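Notebook open, model loaded. I want to go through it place by place and jot down what I find.

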Amino acid sequence: MKSPRAFFKPLAVGAPEPLRELPVRLERMIHFVPPHVEKMRAKVPEIARLVDVVLGNLEDAIHLDAKDAARAGFIAMAAATDFGATGLWTRVN
């Protein structure tokens, strides 16, 4: 077991210093959006400021008849919204 004093020392000769801060941004809050629903797409700019990731769901939650509209809605949502540091993800099948 390493002593607390040695925690940030390299683990081997020539090894880089261990990271002291996370190299990536944590994604703790993901908001799923059905992109074929205009009412939900209209809320995305507001939602994007509050969450870490906006996820346009194109998978099984979207009925087969609405898949084309969902794809087009996702593209429109992505083009019309400034997400800033918020991630934009999608689920496809």
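Predicted model: local features only at pLDDT ≥ 70, side-chain atom pairs only at ≥ 80, totals over all residues.

**Core.** The core has 13 residues. I listed the ones with the most contacts inside it: V33, V44, V54, M77 and F83. I then checked the helices, and helix 1 and helix 2 each supply at least two residues of this core. A reminder to myself: in soluble globular proteins, nonpolar side chains tend to be buried together.

**V54.** Which residues does V54 touch, not counting those up to four places away in sequence? I got H31, V33, V44, I47, A48, F83, T86, G87, L88 and W89. V33, V44 and F83 were already on my list of core residues with the most contacts.

**T86.** I found T86 in the loop between helix 2 (67-80) and strand 3 (87-91). Buried or exposed, I wondered about T86? T86 has a relative accessible area of 11%, so I put it down as buried. Leaving aside neighbours within four places in sequence, I noted contacts from T86 to R25, A48, V51, D52, V53 and V54.

**R41.** Next I looked up an arginine in helix 1 (residues 38-48), R41. Its relative accessible area is 19%. Buried means under 20%, so R41 counts as buried. What does the side chain of R41 make a polar contact with? I found the side chain of E38, at 2.3 Å. Not counting residues up to four places away in sequence, R41 touches P35, H36, G73 and M77.

**Surface patch.** Then I turned to the surface, where I30, F32 and W89 form a nonpolar patch. Together they have about 260 Å² of accessible area. I placed I30 in strand 1 (residues 30-33). I wrote I30 down as partly exposed because its relative accessibility is 33%.

**L64.** Last entry: L64, in the loop between strand 2 (53-57) and helix 2. Buried or exposed, I asked of L64? At 69% relative accessibility, L64 is exposed. I also took the C-alpha to C-alpha distance from L64 to L11 and got 53 Å. In sequence, L64 and L11 are 53 residues apart.

Definitions and conventions:
Residues numbered from 1 in each chain as written. Heavy atoms only, no water. Helix = DSSP H or I, 4+ residues; strand = E, 2+ residues; numbered from the N terminus. Buried < 20%, exposed > 50% of the residue type's maximum accessible area, 1.4 Å probe, protein only. Contact = heavy atoms within 4.5 Å. Polar contact = N/O pair within 3.5 Å; in protein donor to acceptor, adjacent residues only side chain to side chain. Patch = residues over 30% accessible without salt bridge, like charges linked within 9 Å, V, L, I, M, F, W, Y side chains within 5 Å. Areas by Shrake-Rupley, 256 points an atom, 1.4 Å probe, with all protein chains shown as cover. Salt bridge = Lys/Arg side-chain N within 4 Å of Asp/Glu carboxyl O. Core = buried A, V, L, I, M, F, W, Y, C linked by side-chain atoms within 4.5 Å.
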